[in-house]
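Hi,

Here is the structure we talked about. Please have a look at it first; my notes follow below.

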Amino acid sequence: MTMKLRITNLECRDLMDTGGTFDKQDPCLKLTVGEQSFQTQRQKDAGVACSFPETYDIELVEGGWEDNFEVEVFNEGGTLKTTYTHVG
């Protein structure tokens, strides 16, 4: 049996602050549902609280996702090399 999961209106607050004085952090979310992973666009200079406009429609197969549903928040940064620092 397959199901559809819609994820929308994502936001985060009270994140660990890894930004600097002149460069606030740029949060992005990584969603893992079963074997599928999705990543939002970074929110430039959003700091420790932000919302994400993306909507995800995910096809789920019963018995394949219940043990792996994860939401991680990263500070996406770097000029020459993209880096990700776990902040939530």
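**Aromatic pairs and the sheet**

Phe74 is buried, at a relative accessible area of 16%. That value falls under the 20% cut-off for buried. Keep in mind that this is a predicted model.

Phe74 sits opposite His86 of strand S8. Its own strand, S7, covers residues 69-77 and pairs with S8 in the antiparallel sense over 4 bridges.

On to the rings. There are 2 aromatic pairs in the structure.

- Phe38 and Tyr56 make a tilted pair, with 5.3 Å centre to centre and 45° between the planes. Phe38 belongs to strand S4 and Tyr56 to strand S6 (residues 56-61). The two are 18 residues apart, so this pair links distant parts of the chain. Tyr56 is buried, with a relative accessible area of 12%.
- Phe74 and Tyr84 make an edge-to-face pair, with 6.2 Å centre to centre and 85° between the planes. Phe74 is in strand S7 and Tyr84 in strand S8, so the pair ties together parts 10 residues apart in sequence. Tyr84 is partly exposed, with a relative accessible area of 42%, whereas Phe74 is buried.

Best wishes

Technical notes:
Residues are numbered from 1 along each chain as its sequence is written. This is a predicted model: local features need pLDDT of at least 70, side-chain atom pairs count only at pLDDT 80 or more; totals for chains, interfaces and linings use all residues. Side-chain values use heavy atoms; hydrogens and water are left out. Two strands pair if DSSP finds at least two bridges between them. Rings of Phe, Tyr and Trp (its six-membered ring) pair if their centres lie within 6.5 Å; planes under 30 degrees apart count as stacked, over 60 as edge-to-face and the rest as tilted. Buried means under 20% relative accessible area, exposed over 50%, partly exposed in between (1.4 Å probe, protein chains only).
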